[in-house]
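This report describes selected local features of one protein model. Please keep the sequence and the coordinates open while reading.

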Amino acid sequence: MKAFEKNIRKVEPYVPGEQPQRKVIKLNTNENPYAPAPGVTKALEEMNTDRLRLYPDPTAAPLVNALADFYHVNPDQVFVGVGSDDVLSMCFLTFFNSEKPIFFPDITYSFYKVWADLYRIPYECQKLDENFKIVKEDCGVIFPNPNAPTGLYEDLVDVEDIIAHNQDVIVIVDEAYVDFAGRSAIELIDKYENLIIVQTFSKARSMAGMRIGYAISNPTLIKYLNDAKYSFNSYTMNQTSLVCGVEAVKDKAYFEECVNKIIETREWAKEELKNLGFHCLDSKSNFIFAMHPDYDAKE
C-alpha cells in the first residue's frame, strides 16, 4: 500500500439494481409500470430549453411550495434533494454526529450501512422477529415503513411508539413505499421535534428517472439540512426536475388512480402466488416478498 492510500476513504459501495438492456419483464428495482402524470409530459414538451443555460433556483422553491401545499405544511418544513437517497445521505451527514451507534433493522435497505461506513458513523443492526417484523424495543433512529425487502408496514401507533422511546436522537422514517400502505408518520411531525419523514417520487409518482426526493420535518431540522446541503452543493435540483416535479404533485387524481391500480394488482398477485404454493408476507408496498417451501430461491 502506498503511503497516500492510508488516508483514502474506502467503503464497500451500494450496488444499484441491474438495468438489463435485453427484452425482459423488469421488476428488480420496484419501478412504477405507469407513466408519470400527463402534466409532466406536457411540461417537457413545452419547456423552454433556453432556461437550461441558467442555474436553477437553489432553494427549489416551486417544488418546495407544491409539496408544502400537498401535505398541508409550511414551506420551511420541506427539504428536497436528488432522489430520497440524496436526502437520506444528507440526513446521515447532518444528524448522525455522535459516538453512540445508530440503529436500523438487519433486513432493510442496504444503503444505510454504506452511508454509515462512508461518514464513519457507528451503527448496530437489530434483528427482525421470526415474522420479519420490526422489534419496537430494539429499533430506532432510522427504519423504512413499509420495510424493504419484506414489504411489511408498521401501523402508525407502533411507529409513534418507536419515536416516543427515542427522544434523545433524531428518528428518520423512510417512507419510500408508504403510498401503497397506509397512514404516513407526517401526521406526527408537529408532535415530535426529533422526527424526519423522507419520501420519494421514484415509486408512486412514476419518476425514478427524474431523481426527486424530499424530507418533511419541523423548521429547525429542515434548516440544519439546508445548511449542510448548501455547504455540499447549492444547486441540487435541476431545472427540468423542478418543473416536472411540480406537475407530478399537482395531479392528485392521477396519482391516486395509479396507486390504486398497483394495490389491486399486488393483492391479486399475492393470491396467485399462494395458489402456486408460495408463502407471501402481507406486503403493503409495490413488491412482494415470497418464499416457496420446496424450492431454494437462488436455485
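The sections below cover a strand and its neighbours, a helix, and a cavity.

## Basis

The model is predicted.

Strand E6 spans residues 195-200, and six of its six residues are buried. Leu195, Ile197 and Gln199 point one way from the strand, while Ile196, Val198 and Thr200 point the other way. Both sets are buried, including the polar residues Gln199 and Thr200.

E6 pairs with two strands named here. With strand E5 (residues 171-174) the pairing is parallel and has four bridges; within it, Asp174 has Val198 as its bridge partner. With strand E7 (residues 213-216) the pairing is antiparallel, again over four bridges. On that side Val198 stands opposite Ala215.

## Helix H2

Helix H2 covers residues 61-71, and its buried residues are Leu63, Val64, Ala66, Leu67, Ala68 and Tyr71. Among the elements that cover these residues are strand E1 (78-81), E6, E7 and helix H7 (239-250). Directly after H2 comes His72, which has a positive phi of about 60°.

## Cavity

How many cavities of 30 Å³ or more does the structure hold? There is one. The largest cavity has a volume of about 70 Å³.

Its lining consists of Pro36, Ala37, Val40, Ala204, Arg205, Ser206, Met207, Ala248, Asp251, Tyr254, Phe255 and Cys258. Nine of the lining residues are nonpolar, one is polar and two are charged. Helix H8 (residues 252-275) contributes the most to the lining, with three residues.

Notes
Residues numbered from 1 in each chain as written. Predicted model: local features only at pLDDT ≥ 70, side-chain atom pairs only at ≥ 80, totals over all residues. Heavy atoms only, no water. Buried < 20%, exposed > 50% of the residue type's maximum accessible area, 1.4 Å probe, protein only. Pairing = 2+ DSSP bridges. Contact = heavy atoms within 4.5 Å. 1 Å grid on protein atoms, 1.4 Å probe; cavity = no way out; pocket = protein on both sides within 12 Å on 5 of 7 lines; lining within 4 Å. Points joined across faces, edges and corners; volume = space filled by probe spheres on them.
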